[in-house]
Amino acid sequence: MAEPTQTEVRQALDNGLEGLKTPRKVIVVGAGLSGLAIAHELTRRGSDVTVLEASDRPGGRAYTLRDPFADGLYAEAGAMTVTPYCHYAMHYIRELGVELEKSDLVDTDFAYFVGGRFAGTDPASLNRLGLPLNDEERRMSTDQMVDRYVQAVCRELQPEIGAPEWRVTERMAPYDLRSVHQVLRERGASDAAIDLMEPYFLEMRGGDLKSASALAWLRHEASPHSLVKADPRWSKIKGGTDQFPRAFAERLKGHIHYRRAVVRVEQDGIAARVTFTDQGRLQTMEADRVVLAVPFSVARHIDFSDARFSDAKHDAIRRLKYSSIVRVYLQMRRKFWKDANASYSTDLPVRWVRDATPHTEGPRRIVECLITGWRAKAVAAMGDEERLRFVLDQIEAPLPGAREHFETGTSVVWDKRPHAEGAYILPETGHDALMPAIRKPEGRVHFAGEHAAFEPNGGSMTFALESAVRTVVELDRATEA
Ligand SMILES: Cc1cc2nc3c(=O)[nH]c(=O)nc-3n(C[C@H](O)[C@H](O)[C@H](O)COP(=O)(O)OP(=O)(O)OC[C@H]3O[C@@H](n4cnc5c(N)ncnc54)[C@H](O)[C@@H]3O)c2cc1C
């Protein structure tokens, strides 16, 4: 079977996935957005589809927290932003009638809080922080640094770096062997400038700039999804991101079985079999095809010893890295800070502090701290109460009065979330060599999810959905007429 290309998959979606053949019986493992979209496309085409989901809700990392907040407030633990360029997400958002509203990331009062002082992104303000910038950087705003050190590299690598079909050319290949930090330093950026630019590369902050693949990062920065290019059309799902997977799940009633954790997958020449927990017992189910729509971080707990996978697949499952992210949410009695839509990048261990409910009508607000990489690992080691107290103490400096106005809070440690064990794929140097093995089908078993996207920097709902459409096209090619 010829594997579909990125262009073919997009064309198939734009043609309404018309005329695709589907297998008679399919088991989809995981009711995250990728698994849900596959089940949605297959059931409407007549396949007998069973979705096995380990948790008690649909959506996986599209996860909205409503507890313990008052007044109907909520916060996003996972996905929160959709851009108009999220082709696959926008397709299903429209189809399912899910509503959008303006993203909180637009029109923020962004500021640095470094060494106990606030600063804007303009050169005069940055210079007052007394950072060890080089002479040229002292005359630059952060936007100019990003343009000089990042967007200039993207421009040099055009048109390949922005091509609709992801393919690593000879000119691009060396960047996959270098880290983000290495490329920034080669371009002349000082460490102080790198620190200032880091908040603009939010996605890379789940890892370490010194181990993240420069190529995967440049692909993202060259795309319209880059945070640097945020525009007023960036949006979020009205009422919470969980409305999106729920809209799929609503159409799949009777097909999704919750609290069914898959523990074993096997296959022979005739069928594939899946073993899962069902109220403390193990059950086995057989199908023509199985789709594994779970992150590799947790696929590692599934027994594949009789799954007839290639060595390359076992290797990819073992090696794929995921970002460490901790998000802490503090409900405040009222907005006691002056900035509208406050968003501060700090040099404190809590890093990013922002108003997570800037457009809410009531007096209460949720302040969020987003902590990534090694800092996240340190905060993850704390108990839940200890973590809240730690963060509350930290934010008293940029937000005086935090302790006094705090009512309740919660946190999500993605490394420790059951059935996720990581935030999203973290492409490290050399990632390109791993990519084909991640998504390649193995006999009757297919692989979907953000990690199995064509893009090296999956990590988003739209690429999870792209992988779903790719899997549906793959199943068509694997099905006898
Ligand atoms: C902190 C954070 C911020 C993000 N921000 C954004 C953003 O702003 N915009 C954006 O577009 N994307 C964002 N994302 C990424 C986006 O949420 C994910 O890429 C996408 O939701 C992944 O979907 P998926 O189907 O690949 O996987 P998942 O959502 O992880 O779904 C996998 C499902 O499989 C289930 N499962 C796991 N193991 C088993 C098993 N053994 N048996 C049965 N079921 C199992 C899980 O419970 C889960 O429901 C963010 C993610 C995080 C964590």
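**Reading a predicted model, feature by feature**

Guide: Pro159 sits in the loop between α5 (142-156) and α6 (173-176). Helices (H or I, at least four residues) and strands (E, at least two) are DSSP runs, numbered from the N terminus. The model is predicted: local features need pLDDT of at least 70, side-chain atom pairs count only at pLDDT 80 or more, and totals for chains, interfaces and linings use all residues. Residues are numbered from 1 along each chain as its sequence is written, and side-chain values use heavy atoms, with hydrogens and water left out.

Visitor: Which kind of peptide bond, cis or trans, runs from Gln158 to Pro159?

Guide: Most peptide bonds are trans, and most residues other than glycine have a negative phi. The bond from Gln158 to Pro159 is cis, with omega near 5 degrees. Asp67 and Pro68 are also joined by a cis peptide bond, with omega about 10 degrees. Pro68 lies in the loop between β3 (64-65) and β4 (75-76).

Visitor: Where is Asp71, and what is its phi?

Guide: Asp71 is in the loop between β3 and β4. Its phi is near 55 degrees, a positive value in a residue other than glycine. Glu421 is not a glycine either, and has a positive phi of about 50 degrees. The loop that holds Glu421 runs between β18 (406-413) and α16 (431-439).

Visitor: Is Asp71 buried or exposed?

Guide: Buried means under 20% relative accessible area, exposed over 50%, and partly exposed in between (1.4 Å probe, protein chains only). Asp71 has 52% relative accessibility, so it counts as exposed. Glu421, at 31%, is partly exposed. Arg327 has a relative accessible area of 5% and is therefore buried; its place is in strand β14 (residues 325-332).

Visitor: How many residues of α2 are buried?

Guide: Ten of the eleven residues of α2 are buried. Among them are Leu33, Ser34, His40 and Glu41. For the protein as a whole, buried residues make up 58% of the 481 residues.

Visitor: What does Asp231 contact?

Guide: A polar contact is a pair of N or O atoms within 3.5 Å; within protein, one must be able to donate a hydrogen and the other to accept it, and residues adjacent in sequence count only if both atoms are side-chain atoms. A polar atom of the Asp231 side chain lies 2.6 Å from the backbone nitrogen of Arg233. Asp231 is in the loop between α9 (214-222) and β8 (235-237), and at 17% relative accessibility it counts as buried.

Visitor: How many residues surround the ligand, and which are the closest?

Guide: A residue is near a molecule if one of its heavy atoms lies within 4 Å of it. Around the ligand there are 37 residues, the closest being Ser34, Glu53, Arg61, Glu450 and Met461. Helices α2 (33-43) and α17 (461-478) each supply at least two residues of this shell.

Visitor: Which atoms of Glu53 and Met461 lie by an oxygen atom of the ligand?

Guide: For Glu53, an N or O atom in the side chain is 2.6 Å from an oxygen atom of the ligand. For Met461, a backbone N or O atom lies 2.9 Å from an oxygen atom of the ligand.

Visitor: How far apart in space are Asp109 and Ala342?

Guide: Their C-alpha atoms are 5.0 Å apart, although 233 residues separate them in sequence. Asp109 is in strand β6 (residues 109-114).
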